[in-house]
Amino acid sequence: MDVKKADIEGLLILQPDIWVDERGYFFESYHISAFNKVGIKYQFLQDNESLSSKGVLRGLHFQKPPFEQGKLVRVVTGKVLDVVVDLRK
């Protein structure tokens, strides 16, 4: 997995290793030891997936402790503009 640190502290860009052959492709979207190795030590309790049509704008979500959640964005095809706002002082 290729990991890049973004300008915002704690924000990582993860590019998984993808294995391709004549059948198609395979990749691990989540593997606890790989995530732990790059400093992601959270336990996944829920995984949601949505499909958005072209031009759709989805809402910004904010949670205060103890109800905060991490966000894992996966782009299967096409492009996405994911906006991150750091509200920390």
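1. Let us start with Tyr30: its relative accessible area is 31%, so Tyr30 is partly exposed (buried means under 20% relative accessible area, exposed over 50%, and partly exposed in between, with a 1.4 Å probe and protein chains only). Please keep in mind that this is a predicted model, in which local features need pLDDT of at least 70, side-chain atom pairs count only at pLDDT 80 or more, and totals for chains, interfaces and linings use all residues. Residues are numbered from 1 along each chain as its sequence is written, and side-chain values use heavy atoms, with hydrogens and water left out.

2. Next, the aromatic rings. The structure has three aromatic pairs (rings of Phe, Tyr and Trp, the last by its six-membered ring, pair if their centres lie within 6.5 Å; planes under 30 degrees apart count as stacked, over 60 as edge-to-face and the rest as tilted). In one of them, Tyr25 and Phe27 are stacked, because their ring centres are 6.1 Å apart and their planes meet at 15°. Tyr25 is exposed, at 55% relative accessibility, while Phe27 is partly exposed, at 25%.

3. Tyr30 returns here with a partner. Tyr30 and Phe35 make an edge-to-face pair, with 4.8 Å from centre to centre and 75° between the planes. Phe35 has 6% relative accessibility and therefore counts as buried.

4. Now the overall layout. The protein chain has one helix and four strands, and along the sequence they follow the pattern β-β-β-β-α (helices, H or I of at least four residues, and strands, E of at least two, are DSSP runs numbered from the N terminus). The C-alpha atoms fill a box of roughly 50 × 35 × 25 Å along the principal axes.

5. How much of the chain is buried? Buried residues make up 2% of the 89 residues. The chain exposes about 9100 Å², and carbon and sulfur atoms supply 54% of that area (accessible areas come from the Shrake-Rupley method with a 1.4 Å probe; for residues, only the protein chains shown count as cover). Among contacts between residues at least 6 apart in sequence, 33% join residues at least 24 apart (contact means heavy atoms within 4.5 Å).

6. Look next at the hairpin. Strand 1 (residues 2–5) pairs with strand 2 (residues 12–15) in the antiparallel sense, over four bridges (two strands pair if DSSP finds at least two bridges between them). Asp2 has Gln15 in strand 2 as its bridge partner. Six residues lie between the two strands of the hairpin, and Gly10 in the turn has a positive phi of about 90°.

7. Val20 belongs to strand 3 (residues 19–21) and is exposed, at 64% relative accessibility. Val20 and Gly10 are ten residues apart in sequence, and their C-alpha atoms are 31 Å apart in space.

8. Finally, the segment after helix 1 (32–37) includes Val83, which is exposed at 57% relative accessibility. Phe62, Leu81, Val83, Val85 and Leu87 make a nonpolar surface patch of about 600 Å² (patches are made of residues with over 30% relative accessible area and no salt bridge; like charges are joined within 9 Å, and nonpolar side chains, Val, Leu, Ile, Met, Phe, Trp and Tyr, within 5 Å; a salt bridge is a side-chain nitrogen of Lys or Arg within 4 Å of a carboxyl oxygen of Asp or Glu). Pro66 also lies in the segment after helix 1, and a cis peptide bond with omega of about 10° joins Pro65 and Pro66.
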